[in-house]
Amino acid sequence: MTQRDTGRLDAIVLAAGRGVRFGGGKLTALLDGDPLVAGALLAAFRAPARHVVVAVGPEPDVRQAVEATATRLLSRDRLVLVPIDDPSAGMGASLAAAARSLPGDTDGVFVFLGDMPRIDPATPRHLATALRNPGDIVAPTYLGRRGHPVLFGARWAPVLGALSGDEGARAIVDKAGESLVRVPVDDPGVHLDVDRPSDLARVQTDRRTL
C-alpha cells in the first residue's frame, strides 16, 4: 500500500455493549439532541472507509438509531449491521464477529468505539495516510497518550476475527512492538468516552453537529 492508497479501507463501530456502568440505554442517551452513538458513526462515515460495519446488540432502539444516523448522513448504502445476540460474551467477541464480516480485499480497518462521540473526522484521515504496510497498526496520540480509533492493516483482520472475551483489541496493540505507528493529533476526542451519565456533561462542551 502506498501512502495515498486509501481506497480499500473499511471501518468497524462497536455498538453492542450493554452500558452497565451507565445504567443501561447508554448509546441512545441524548447528547446535543442526537443519540450518543451518532457521534462515533459521524466519524466513521466521514473516515476514508468503503463500508462501516456496526456491531449491534438485540436492543431495537440502538439499531434504529444507527440506521437513522446512516440515512441522515446519506450513507445508508455503506452501512453493514452485524447482530450480536449475546453482548455479554464481551467486546472481543463483538469485534471478532464484525471483523469476520469484512470484505476479503480490505487493506485495513478502523475500529471505533460507539461510546466515543467526539472523534474529530480529520483524525481517521491522518491515520489512513500513515498506513504504509499491511502489518501496520496505526493509533492516534494526544498529549503523548494513545487513543481511538485504531487502524489495523490487512494482516491483522484474521487476528481480530479470532478474538474472544472482553479484552477487545487492546492486547494486540499493546504487543504490536515496531508494527505500531503512533500519529500525534490535535484531537482530545481520542480520549473522551462515556461510561456514566456524569460523563455526558464532560463531553457536552465540545459540540459537533451532523
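## Confidence

The chain averages a pLDDT of 92, and 94% of the residues score at least 70.

This is a predicted model, in which local features need pLDDT of at least 70, side-chain atom pairs count only at pLDDT 80 or more, and totals for chains, interfaces and linings use all residues. Residues are numbered from 1 along each chain as its sequence is written, and side-chain values use heavy atoms, without hydrogens and water.

## The nonpolar core

The largest nonpolar core holds 74 residues. Such a core is a set of buried Ala, Val, Leu, Ile, Met, Phe, Trp, Tyr and Cys residues joined through side-chain atoms within 4.5 Å. V54 and F152 touch the most other members. Helix α1 (residues 37-46) gives the most to this core: seven residues. Helices are DSSP runs of H or I, at least four residues, and strands are runs of E, at least two, numbered from the N terminus.

Nine of the 10 residues of α1 are buried (under 20% relative accessible area, 1.4 Å probe, protein chains only). Among them are V37, L41 and F45. L41 is also one of the residues that V54 touches, as are V13, V66 and L79, not counting residues up to four places away in sequence.

## Around D115

D115 sits in the loop between β6 (108-113) and α4 (122-130). D115 counts as buried because its relative accessibility is 12%.

Beyond four places in sequence, D115 is in contact with residues including L27, L36 and D193.

Definitions and conventions:
Buried < 20%, exposed > 50% of the residue type's maximum accessible area, 1.4 Å probe, protein only. Contact = heavy atoms within 4.5 Å. pLDDT = per-residue confidence, 0-100.
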